[in-house]
Amino acid sequence: MVKRTDKWAVIRNFAMTGVQDAGRIALLGFLAGRLERVSFVKSLERSNIGVRMSTKRFGIWPRISYMGFIHDVQLPDPFLFIAGMADSDETIDVLLEFDGAEQAEWFQNVLVDSAADKRLQPKEQVENLRHQIDQMLDIYSNIQQQLKEGAGEMEKDLKKFLDMAEQDMARLNREINKIEEQKNL
């Protein structure tokens, strides 16, 4: 797991690599405020939410200084990306390109190959599944309380939903067990 201080160092150091334009600085500030939800990746392939920023002076023409997307929706401006993510808790994959990136140890230490790689790590998968089970248990508890208080004509629908919730929790538990078995191989 990458430390917040290491991610902060990447943002701070990247901010010093190029022109201090308002959009880039605002986006870096936004990312700095969400360090626990930021992953620095070598590739945005399979990313649901991603940002690419470049301050490279040389390379393929035309050089793209910013590109962002949220669930396949391209956002051509950093401020639009910030607005689109303001109420979201989802992970943001960030691809940074700058001169000397290959030699910058502070940068290389935080990189993940791609979104697919980090999302396939067993620990993160299990944590995500447990979070889903917790949410399902909260819903389950709410429905049981409503049934105890007498749900009236909704009782049939609530019982159906309880059955579905039980099936979902069983499925999620099976997935956790499968991941933990594979981890022990």
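User: Asp-72: buried or exposed?

Analyst: Asp-72 is exposed, at 72% relative accessible area. Exposed means over 50%, buried means under 20%, and partly exposed lies in between, using a 1.4 Å probe and protein chains only. This is a predicted model: local features need pLDDT of at least 70, side-chain atom pairs count only at pLDDT 80 or more, and totals for chains, interfaces and linings use all residues. Residues are numbered from 1 along each chain as its sequence is written, and side-chain values use heavy atoms, leaving out hydrogens and water.

User: Where is Asp-72 found?

Analyst: Asp-72 sits in the loop between S3 and S4. Helices (H or I, at least four residues) and strands (E, at least two) are DSSP runs, numbered from the N terminus.

User: And what is phi of Asp-72?

Analyst: Phi is near 70° for Asp-72, a positive value in a residue other than glycine. Most residues other than glycine have a negative phi. His-71, in that loop between S3 and strand S4 (73-75), also has a positive phi, about 45°, although it is not a glycine. His-71 is partly exposed, with a relative accessible area of 40%.

User: OK, zoom out. How many helices and strands are in the chain?

Analyst: The chain has seven helices and six strands. Along the sequence they follow the pattern α-α-β-β-β-β-α-β-α-β-α-α-α.

User: What percentage of the residues count as buried?

Analyst: 37% of the 185 residues of the chain count as buried. The accessible surface of the chain is about 11900 Å², and 52% of that belongs to carbon and sulfur atoms. Accessible areas come from the Shrake-Rupley method with a 1.4 Å probe, and for residues only the protein chains shown count as cover.

User: Which residues touch the most other members in the largest nonpolar core?

Analyst: Leu-27, Leu-31, Phe-40, Met-53, Phe-81, Ile-92 and Leu-96 do, out of 30 residues in that core. A nonpolar core is a set of buried Ala, Val, Leu, Ile, Met, Phe, Trp, Tyr and Cys residues joined through side-chain atoms within 4.5 Å. Elements giving two or more residues to this core are helix H1 (4-15), helix H2 (22-32), strand S1 (38-43), strand S2 (49-54), strand S3 (66-70), H3 and S5. H2 supplies the largest share, five residues. Apart from this core lies another, of seven residues, including Tyr-140, Leu-158, Ala-165 and Met-169.

User: What does Leu-96 touch?

Analyst: Not counting residues up to four places away in sequence, Leu-96 touches Val-10, Phe-14, Phe-40, Met-53 and Phe-107. Contact means heavy atoms within 4.5 Å.

User: At what angle do the axes of H1 and H2 cross?

Analyst: They cross at roughly 170° and come within 10 Å. H1 and H2 are therefore roughly antiparallel to each other. Trp-8, Ile-11, Phe-14 and Ala-15 of H1 meet Arg-24, Ile-25, Leu-28, Leu-31 and Ala-32 of H2. Axes are lines fitted to C-alpha atoms, for helices over the stretch in contact, and angles run from 0 to 180 degrees between N-to-C directions. Angles under 35 degrees count as roughly parallel, over 145 as roughly antiparallel, 65 to 115 as roughly perpendicular and the rest as oblique.

User: How do H2 and H3 pack?

Analyst: H2 and H3 pack at about 25°, with their axes 8 Å apart. That makes H2 roughly parallel to H3. Their contact includes Leu-27 and Phe-30 of H2 and Phe-81 and Met-85 of H3.

User: New topic: where is Ser-88, and what is it in contact with?

Analyst: Ser-88 is in the loop between helix H3 (78-85) and strand S5 (92-97). Ser-88 is buried, at 12% relative accessible area. Leaving aside neighbours within four places in sequence, Ser-88 is in contact with Arg-34 and Arg-37.

User: Asp-89: buried or exposed?

Analyst: Asp-89 is exposed, with a relative accessible area of 59%. Asp-89 is placed in the loop between H3 and S5, and its side chain makes a polar contact with the side chain of Arg-37 (3.5 Å). A polar contact is a pair of N or O atoms within 3.5 Å; within protein, one must be able to donate a hydrogen and the other to accept it, and residues adjacent in sequence count only if both atoms are side-chain atoms.

User: Which side chain makes a polar contact with Asp-93?

Analyst: The side chain of Ser-47 does, at 2.8 Å from the side chain of Asp-93. Asp-93 is in strand S5 and counts as buried at 0% relative accessibility.
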